[in-house]
Amino acid sequence: MHNGKYVFSQLLDFLDKDVFLRLSNKYDGNRYVKFFTCWNQLAVLMFGQLANRESLRDVALATQALSGKAYHLGFGKYATKSNLSKANNNRDYRIFEEFAYRVIAEARECRATDIFKLNGHVYAFDSTTIELCLNAFKWAIYRKNQGKGGIKVHTLYDIETSIPTFFHITEARVNDMNAMDAIPYEENKRKFIFFTSAFAEDERLQMANVSLTETLPLDKLFSKPNYNIVNELDESSEPTLF
């Protein structure tokens, strides 16, 4: 007989379930739900990610194979393909988005450091493209003449904590510069944001009150950059762009 908690169940214990339930109630995520709650959905999706499942059917089959342990793992009840599909389609994404950003904020506090000695946050902004089958995802047009589809994940990455702090998902054909408008510039906090040199001439940096000082290609940034502090800047609430 099994004694103690499963490792996956222990991972779920790090998440604040009360906060998640408040978000679920805020967006009516559990209205008229009897079995497969938002928390169960979160647990199933996390399990699928950690187990490297590649499709909705794959995730459902993996949980069904563990149906005898579903309650102890945190699923509540194993997920069927139809239940998981309906939950993903009908529930408000903001439940999971707001909870994810809260978890990210907590993780950043645990890893807070000031390795650059700049008295402010240091970020990098870049994107990655995820290719999709255009026959299955007709809305995700990327290269129509090549029959390719995809999405692009624009990410603001906290260099000092090694934690991504902001995500913006668009169609793959959306240029990185057009995603700049979605960046949440923190108020009353000093920050340094590294872009690729292609952003240097963009007028929206001035519209966003971003102070442009220098551009630095990201490939150089992540190859253990050497730097010296030349002089101290005055405290400012405006972000500084590199």
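Biologist: Does α2 pass α7 in a left-handed or a right-handed crossing?
Modeller: Helices are DSSP runs of H or I with at least four residues, and strands are runs of E with at least two, numbered from the N terminus. A crossing is left-handed if the near helix is turned anticlockwise from the far one by less than a right angle, and right-handed if clockwise. For α2 and α7 the crossing is right-handed.

Biologist: What kind of model is this?
Modeller: Residues are numbered from 1 along each chain as its sequence is written, and side-chain values use heavy atoms, without hydrogens or water. Local features need pLDDT of at least 70, side-chain atom pairs count only at pLDDT 80 or more, and totals for chains, interfaces and linings use all residues, as this is a predicted model.

Biologist: How are α2 and α7 oriented to each other?
Modeller: Helix α2 covers residues 17–26. Its axis lies 9 Å from that of α7, at an angle of about 150°. Axes are lines fitted to C-alpha atoms over the stretch in contact, with angles from 0 to 180 degrees between N-to-C directions. Under 35 degrees is roughly parallel, over 145 roughly antiparallel, 65 to 115 roughly perpendicular and the rest oblique, so α2 and α7 are roughly antiparallel.

Biologist: And how does α4 lie to α6?
Modeller: Their axes are 9 Å apart, and the angle is about 125°. That angle makes α4 oblique to α6.

Biologist: Which hand has the crossing of α4 and α6?
Modeller: Take the pair that packs at about 125°. Its crossing is right-handed.

Biologist: Which residue of β4 is the bridge partner of V153?
Modeller: Strands β3 (148–158) and β4 (163–171) run antiparallel, joined by 8 bridges. Pairing takes at least two DSSP bridges. The partner of V153 is I169.

Biologist: Which residue in the hairpin of β3 and β4 takes a positive phi?
Modeller: There are 4 residues between the strands. The phi near 60° belongs to S162.
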